[in-house]
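Let's take a walk through this protein together. Keep the picture in view as you read, and look up each residue as we come to it.

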Amino acid sequence: LLTDAIASATDKTVYTVKVKAVAEDDANNSSYSEAITMQLNGITGLKYSDGTLSWNPVANAYKYSLKINGKETTIDASVANSVALTFTKSGVNEVELAVIDGKNITSSYAKLNVTVYGVYFDARGGKECKTIYLAIGDKMTLPETENEGYVFGGWYNLPGGPESNAKAYTNGQTLATTGDVVLYAYWTSRKYDITLDVDGGAQLAETVVKVGYNGKYVLPVPS
């Protein structure tokens, strides 16, 4: 049970807090924690990294008002002091955050500009995929796509994939390019077995032939 704390004011709204747990027997009390910066009636320490907006904890937060390029979303204070962000355009995105207290009073907005880039997907005949927008250092979550008759072989920075000595992109890879990116789907033909029945005619050396979807092939002729 948390029952003891030390708070020192660094200004009228920002506090450095250390806490400890107190047991029935003082000998079993915990030591004080590392210092935690707590905000009252405002947002400090606003920063963005790897898809997440974070800030210093706010002691009297009831809700937060989040704006991305002017579009507002209300966030419950149960999110603690971080939230995942999704951007919808490349270039500079303005992010604003304010705290709303229990009396429904909104603080001034802290502001942060985040430069993001579009990752566009050329499905090369497959099912279209939505563009994603990431900042430098953000991890990629790459979509799956489908193409009848073909097997999806991943995303590459050039058409033709490994046959073009292209670079493969994978889930969890971080964006490291300052500019929009186009990724191309790589496909291989599905293989199918064709069973040949000579219907009493001469025997064939092979009675099962493997062919690729949309590929050229020559069937053996019974002698």
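K111 counts as exposed, because its relative accessibility is 56%, and exposed means over 50%. Please bear in mind that this is a predicted model. The side chain of K111 meets that of E96 in a salt bridge, with 3.9 Å from N to O. K111 belongs to strand β10 and E96 to strand β9, so the pair ties together parts that are 15 residues apart in sequence. Is E96 buried or exposed? With a relative accessible area of 9%, E96 is buried, since the cut-off for buried is under 20%.

The count of salt bridges comes to four. One of them joins D193 and K210, whose closest N and O atoms are 2.8 Å apart. This pair links distant parts of the chain, with D193 in strand β15 and K210 in strand β16, 17 residues apart. Both residues count as exposed: D193 has 52% relative accessibility and K210 has 54%. K210 is also the bridge partner of D193 in β16. The strands β15 and β16 run antiparallel and are joined by five bridges. Of the five residues of β15, the number buried is zero, so this strand lies largely in the open.

Another salt bridge connects D122 with R124, and here the closest N and O atoms are 3.9 Å apart. D122 is partly exposed, with a relative accessible area of 28%, and R124 is partly exposed too, at 43%.

Now let's look inside. In soluble globular proteins, nonpolar side chains tend to be buried together. The largest nonpolar core here has 22 residues, and those that touch the most other members are I43, L53, W55, Y64, L66, L85 and F87. Strands β6, β9 and β10 each supply at least two residues of this core. A second, separate core has 15 residues, including F121, L142, F152 and W187.

Finally, step back to the whole chain. Buried residues make up 31% of the 223 residues. Among contacts between residues at least 6 apart in sequence, 47% join residues at least 24 apart. The chain exposes about 13,900 Å², and carbon and sulfur atoms supply 49% of that area.

Conventions. Residues numbered from 1 in each chain as written. Predicted model: local features only at pLDDT ≥ 70, side-chain atom pairs only at ≥ 80, totals over all residues. Heavy atoms only, no water. Core = buried A, V, L, I, M, F, W, Y, C linked by side-chain atoms within 4.5 Å. Buried < 20%, exposed > 50% of the residue type's maximum accessible area, 1.4 Å probe, protein only. Helix = DSSP H or I, 4+ residues; strand = E, 2+ residues; numbered from the N terminus. Contact = heavy atoms within 4.5 Å. Areas by Shrake-Rupley, 256 points an atom, 1.4 Å probe, with all protein chains shown as cover. Pairing = 2+ DSSP bridges.
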